[in-house]
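This report describes the fold and selected side-chain contacts of one protein chain. The sequence and the structure are shown first, and the description follows.

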Amino acid sequence: MARLTAKEEKVFYERMAKHDAEMRWLYMELYNNSSMYAEMVDKLKEFYVSRKKDLKASDLKREASPDWYKGSDQLGMMLYIDNFAGNLKGVQEKLDYLADTNVNYIHLMPFLDTVDGESDGGYAVRDFRKVKPELGNMKDLANLTSECHKRGMNVCCDFVMNHTSSEHEWAKKARAGDGEYMSRYFFFDNMDIPSEFEKTVPEVFPSTAPGNFTYLPDAKHYVMTSFYPYQWDLNYRNPRVFNEMIYNFLFLANEGLDIIRIDAVPYIWKTLGTNCRNLPEVHTIVRLMRMISEIVCPGILLLGEVVMEPSKVVPYFGTLDKPECHMLYNVTTMATTWHTVATRDVRLLRQQLDIVNALPKNYTFLNYLRCHDDIGWGLDYDSLQNYGIAEVPHKNYLNDYFLGNAGMSNSRGELYNYDPVTQDARFCGTTASLCGIEKAGFENDAAAMERAVTLDIMLHAYMFMQSGIPILYSGDEIAQVNDYSYKNDPHKADDSRYLHRGSFNWKNAEKRNDESTVEYKVFHGIKKLSDFREKHACFSSLADTWTLNTYDDSILSIGRYMDGEKVIGVFNFSENERTAWIDEGDGEYTDIMTGEVLEARAISLQGYSFRILYKEF
């Protein structure tokens, strides 16, 4: 083991002193096992000792500026390594392209070792310390993160905490009857206890993977599998599970990762008689992870994946004095955005933005239009009822709209996980296809294409105005449309999410330099927005943010202010010309897209268009 300098030793023990009492208390509350706690503390020092000097230097810098990630210069992109550039070395070779998009936060979708055909898109991990061979190895990962750091780019990876692959080393030993490893999962030799769980635990994928348990004929046992039969839930009541997963977490952090996305975090603690979601012990575990990271690698951020309504999401930030996650996804707003596109009615969206804007400014959300996953219609139906909108028929309408079958829609997409009993489903498609670019291109309709491109850029402009960090999904910056070739792959054909997980089209990316193309218009529209955003404090996550009454239910308006800079955005969600009846009454503004000087009052907008108006005081 490497030796610490006196200064490094001092830093480590000062961090330990800050957190040891609370960390010990919480650990003993969960496990009442002092020897396992002592082992974990020893391991924390080992991981700190082995952390590279450049990462330790970055840690110190970020400790001194804890809001470093809340500035206006952050722009993220989610990408699949193989789809984007073949492998990790390929991604490194494409960093110039990412820099051209202004992206400085790269979320590498799951790249750890999995089993072909039983990976759930990479979320069934066989080895937490091995890269899929076809993508490279850990040295390639470390080289990529190092090069990204030289360019001022941060790298994010997924950490799948809830489960392992059924082919993980632990799972194989458990299946063979080794009691030590069976205790790391939920094994039962009959259905008595599983049947009790099934009474209260919802199904995640009722049509494609019903139930929460899988029978293993060779082992003559049932095992808990909340997601798919090949994803075995880990038993965090066992301190060995917690410790070993923490060591995996720190191993990845030491490879140079800046952001660790905690996958499916609400599910990680199971208690009979509950729904096994968002239990208090989950927050204890996340709080422990936050303190552990602040001891060993305080330069990294914890990103919680909590795909639930705001009342369930916000608690994962923790409290001001006992924080948990640094960042969370703005899931509900994403779904409500597409509801707004389909209804041309911004009332629910404005209501939800007001809720987010009222939260403490240290709560940082990641905002996005699309991601690797489906769109679930988990909207606020209590509020929608006040507008005369009922849940079941509205879900049907939304799915019909984005299939292109209702509401004068130009969208194209596919249903995901349709349940014929409840008639419930989620939805898949790229941003460009949902905006109508695919349909307009197929029909060679220039007028429809202009409307679709305008809508696409408007939605990105609106996303950039939200409070938090905007995240692009790879391909959206060049208006990439749905890829139906997944239907030819037997490992993917049953999962319509692969519709928007197609290979990045580098030929189309080259078209971003040709002014006559759709790729140019979308790429440079987004780039112009991000160029302006990164230079102005009013787009910081710490800025005051609010919505304005436009007196037109089809137009959303957002205001932002910080350090003498003010910006007003107005966004028309209708295909028809509308007027935003705002009246700021504080002089002239400049439209950042056109350079036009005008007052922020009675703003006329063409269909699907927007204005972002800026001024300094």
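In this predicted model, one aromatic cluster is formed by Phe205, Phe227, Tyr228, Tyr230, Tyr267 and Tyr416. A search of the whole structure finds 42 aromatic pairs. Among them is the pair of Phe12 and Tyr13, whose ring planes stand at 85 degrees with the centres 5.2 Å apart, so the geometry is edge-to-face. Phe12 counts as buried because its relative accessibility is 2%, whereas Tyr13, at 42% relative accessibility, counts as partly exposed. Tyr185 and Trp232 also make an edge-to-face pair, because their planes lie at 90 degrees, with 5.5 Å between the ring centres. Tyr185 belongs to the loop between α9 (179-182) and β7 (187-188), while Trp232 is in strand β10 (residues 231-233), so this pair ties together parts that are 47 residues apart in sequence. Both Tyr185 and Trp232 are buried.

Aromatic rings also take part in contacts with charged side chains. Lys56 lies over the face of Tyr48, at 4.5 Å from the ring centre. In a second case, the ring of Trp68 has the charged end of Arg62 over it, 3.8 Å from its centre. Glu8 is found in helix α1, and it counts as buried because its relative accessibility is 11%.

**The barrel**

Eight strands close into a barrel, and the pairing is parallel. Their order is β1-β2-β5-β11-β12-β13-β14-β17. From one strand to the next, the twist averages 30 degrees. In general, the strands of a sheet pair through backbone hydrogen bonds, in either a parallel or an antiparallel manner.

Strand β5 (residues 154-160) is mostly covered, with seven of its seven residues buried. In the barrel order, β5 stands between β2 and β11. Strand β2 (residues 105-108) runs parallel to β5 and is joined to it by four bridges; the bridge partner of Tyr105 in β5 is Asn154. Five bridges join β5 to strand β11 (residues 259-263), again in parallel, and Phe159 stands opposite Ile262 in β11. Leu303 has Met327 in β13 as its bridge partner.

**The open sheet**

An open sheet of three strands has the order β7-β9-β8, and its pairing is antiparallel. β7 and β8 (213-216) stand at the edges with a single partner strand each, so one side of each is left without a neighbour in the sheet. Strand β9 (residues 221-224) is joined to β8 by four bridges, and the two run antiparallel. Thr214 has Val223 in β9 as its bridge partner.

| Strand pair | Bridges | Direction |
|---|---|---|
| β2 and β5 | four bridges | parallel |
| β5 and β11 | five bridges | parallel |
| β8 and β9 | four bridges | antiparallel |

Helix α2 (residues 34-50) packs against helix α12 (residues 280-296) at an angle of about 40 degrees, and their axes are 9 Å apart. That angle makes α2 oblique to α12. The crossing in which α2 passes α12 is right-handed.

Thr5 is found in the segment before α1 (6-31). With a relative accessible area of 38%, Thr5 is partly exposed. Thr5 and Gln423 are 418 residues apart along the chain, and their C-alpha atoms are separated by 63 Å.

Conventions
Residues numbered from 1 in each chain as written. Predicted model: local features only at pLDDT ≥ 70, side-chain atom pairs only at ≥ 80, totals over all residues. Heavy atoms only, no water. Pairing = 2+ DSSP bridges. Axes fitted to C-alpha atoms, helices over the stretch in contact; angles between N-to-C directions. Phe/Tyr/Trp six-rings, centres within 6.5 Å; stacked < 30°, edge-to-face > 60°. Buried < 20%, exposed > 50% of the residue type's maximum accessible area, 1.4 Å probe, protein only. Lys NZ or Arg CZ within 6 Å of the ring centre and 35° of its normal. Parallel < 35°, antiparallel > 145°, perpendicular 65-115°, else oblique. Left-handed = near helix turned anticlockwise from the far one by under 90°.
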